[in-house]
Amino acid sequence: MFRDFGRGEVAHGRSLDSLQGIYRLGVRLSWRRMAEIGQEAEIPSSAMYELAESAFEYLDVMVAQSVRGYAEAIARQAGERLRLQRLLVDLLLSEHRSDPSAFLADRAADVGWQLPEKVAVAVLLRPAAEAVAPAVGDEVLFDMEGERPCLVVPDPDAPGRAELLHRALTGWSGAIGPSVPVTEAATSLPVTQADARDARPPAGQG
């Protein structure tokens, strides 16, 4: 039940702060009433101390289970967003026979990505097989599943964008294509993926 409470906070877009506050308030009020009953019934102090210890141990259990449920829900959300993000990257890099703007906007909305006017596509080379995905931020789409990880950078000419990528991609190398309309993202693929080693590095990386 308490795990479900934690999952519910994620579903409603809230942190665990309010839920934990409710737990603490409930335990304090319960203990206050138990203390009154203990005095009326003349329960020995030693027994009341044990009861108080049990109440706060139960509080710890409630919080721990809710944190676990919260973490599980966050992980599922993150996994689903990554799956939808990879689908969006595939769609952006596909050839289109007609204007895909409306369809792209719908798929972008699924991952909370604001469809930009222009993008640039970067192809990366893994520094190691177990390399962790670079922290490029939510604005940059990435697909780390393929042999050549791929980034879709929105508004690549925006002020500060190059510096952001430069910091995020420390230790990585690869190539970035030109800035193109988002509906033509496939044309920004740098040279070919096989030639990424010889193309210019993204955001100054080597």
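## Exercises on salt bridges and a helix pair

E9 is buried, its relative accessible area being 7%, where buried means under 20%, exposed means over 50% and partly exposed lies in between (1.4 Å probe, protein chains only). The model is predicted, so local features need pLDDT of at least 70 and side-chain atom pairs count only at pLDDT 80 or more, while totals for chains, interfaces and linings use all residues. Residues are numbered from 1 along each chain as its sequence is written, and side-chain values use heavy atoms, with hydrogens and water left out.

**Exercise 1.** Find the salt-bridge partner of E9 and state how accessible that partner is.

*Solution.* Begin with the criterion: a salt bridge is a side-chain nitrogen of Lys or Arg within 4 Å of a carboxyl oxygen of Asp or Glu. The side chain of E9 meets that of R14 in such a bridge, at 2.9 Å from N to O. Then turn to accessibility: R14, at 38% relative accessibility, counts as partly exposed, whereas E9 is buried.

**Exercise 2.** Explain what the salt bridge between R7 and E72 ties together, and name the network that includes these residues.

*Solution.* First, the side chains of R7 and E72 meet at 2.9 Å, N to O. Because R7 lies in helix α1 (residues 2-11) and E72 in helix α3 (residues 45-92), the pair ties together parts that are 65 residues apart in sequence; helices here are DSSP runs (H or I, at least four residues), numbered from the N terminus. Next, R7 is partly exposed at 25% relative accessibility, and E72 is partly exposed at 25% as well. Finally, a network of salt bridges links D4, R7, R68 and E72, and a search of the whole structure finds eight salt bridges.

**Exercise 3.** Work out how E80 and R83 are placed along their helix.

*Solution.* The two side chains form a salt bridge of 2.8 Å, N to O. Since E80 and R83 are three residues apart in helix α3, about one helical turn separates them. E80 is partly exposed at 36% relative accessibility, and R83 is partly exposed with a relative accessible area of 38%.

**Exercise 4.** Describe how the axes of α2 and α3 are oriented.

*Solution.* The axes of helix α2 (residues 17-40) and α3 come within 10 Å and cross at roughly 165°, with axes fitted to C-alpha atoms over the stretch in contact and angles running from 0 to 180 degrees between N-to-C directions. That makes α2 roughly antiparallel to α3, a label for angles over 145 degrees.

Notes
Helices (H or I, at least four residues) and strands (E, at least two) are DSSP runs, numbered from the N terminus. Angles under 35 degrees count as roughly parallel, over 145 as roughly antiparallel, 65 to 115 as roughly perpendicular and the rest as oblique.
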